[in-house]
Amino acid sequence: RGGAVLGGYNRLYGAASLGAGVLYIMGKDTAPGCEWSITLYSRAMGTGSSNLPLVRGGYSYIVRNADKSKGEYRVTYQKSEYMGHWWSPDGERMVMEFRQGNQTKIQMTTWAKGSTANLNAAFPYADTEYRFLQWSKDGRMLLIYIAGDETEGYFWYDVEKWDTVAEVEMK
């Protein structure tokens, strides 16, 4: 629990036999504490209506609160490739990693507040590849791998202070 990398689900759900234009569920996951759940879809969908019309390329997901009065979020990333999502240990936040063009993007959403942050913009190096590795046990920090022309290593990023806490350079 607490996170899932769903890259292997194409074989699991038989996507190859469905064809490239078919919408199918790539996976479902529930946050720790079971308050929030996510359903991932193989195609980008419109977000303006309840029937979610298809859009070319990308992927979509719907996040629902167990208490329906607290919200449902429908999110679409066009021209993007889903790479994974990870719930914080308390289930209040989720990191989503996806590829857009030639860059891996990392976004963090706090569902109860309905806020999303593009973490790449907050990280310390420009023109660098970032990869999410794990949440800290208390859910306050993210362990991030960095690789660029001038640096390679790991750092802890505090999501409450919006600052790098510790860094280990390997290059």
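Colleague: Over how many bridges do β2 and β3 pair?

Modeller: This is a predicted model. Strand β3 covers residues 36–41. β2 and β3 run antiparallel to each other. Their pairing counts 5 bridges.

Colleague: Which residue in β3 is the bridge partner of I25?

Modeller: β2 spans 25–30. I25 has its bridge partner in β3. That partner is Y41.

Colleague: In what order do the strands of this open sheet lie, given 4 strands and antiparallel pairing?

Modeller: The edge strands are β2 and β5, the latter at 72–77. Each of these two pairs on one side only. The twist from one strand to the next averages 15 degrees. The order is β2-β3-β4-β5.

Colleague: Now the sheet with β10. Which are its edge strands?

Modeller: This is an open sheet of 4 strands, paired antiparallel, in the order β10-β11-β12-β13. An edge strand here pairs on one side only. The edges are β10 and β13 (163–169).

Colleague: What is the average twist there, from one strand to the next?

Modeller: Take the sheet β10-β11-β12-β13, with its antiparallel pairing. From each strand to the next, the twist averages 25 degrees.

Colleague: How many bridges join β10 to β11?

Modeller: β10 holds residues 129–135 and β11 holds 141–147. The two run antiparallel. Y130 stands opposite I146 in β11. The strands are joined by 6 bridges.

Colleague: Which residue in the hairpin of β10 and β11 takes a positive phi?

Modeller: The hairpin has 5 residues between its strands. A phi near 75 degrees occurs in this hairpin. The residue is G139.

Colleague: And on to β12: which residue there does I144 stand opposite?

Modeller: β12 covers residues 152–158. β11 pairs with β12 in the antiparallel sense over 7 bridges. Opposite I144 stands F155.

Colleague: Why is Q134 classed as partly exposed?

Modeller: Q134 sits in strand β10. Buried means under 20% relative accessible area, and exposed means over 50%. Q134 falls in between, so it counts as partly exposed, at a relative accessible area of 40%.

Colleague: Which residues does Q134 touch, leaving out those up to four places away in sequence?

Modeller: Contact means heavy atoms within 4.5 Å. With sequence neighbours up to four places away left out, Q134 touches M141, L142, L143 and W156.

Colleague: How far apart in space are Q134 and W87?

Modeller: In sequence, Q134 and W87 are 47 residues apart. In space, C-alpha to C-alpha, the separation is 9.6 Å.

Terms used
Residues numbered from 1 in each chain as written. Predicted model: local features only at pLDDT ≥ 70, side-chain atom pairs only at ≥ 80, totals over all residues. Heavy atoms only, no water. Pairing = 2+ DSSP bridges. Axes fitted to C-alpha atoms, helices over the stretch in contact; angles between N-to-C directions. Buried < 20%, exposed > 50% of the residue type's maximum accessible area, 1.4 Å probe, protein only.
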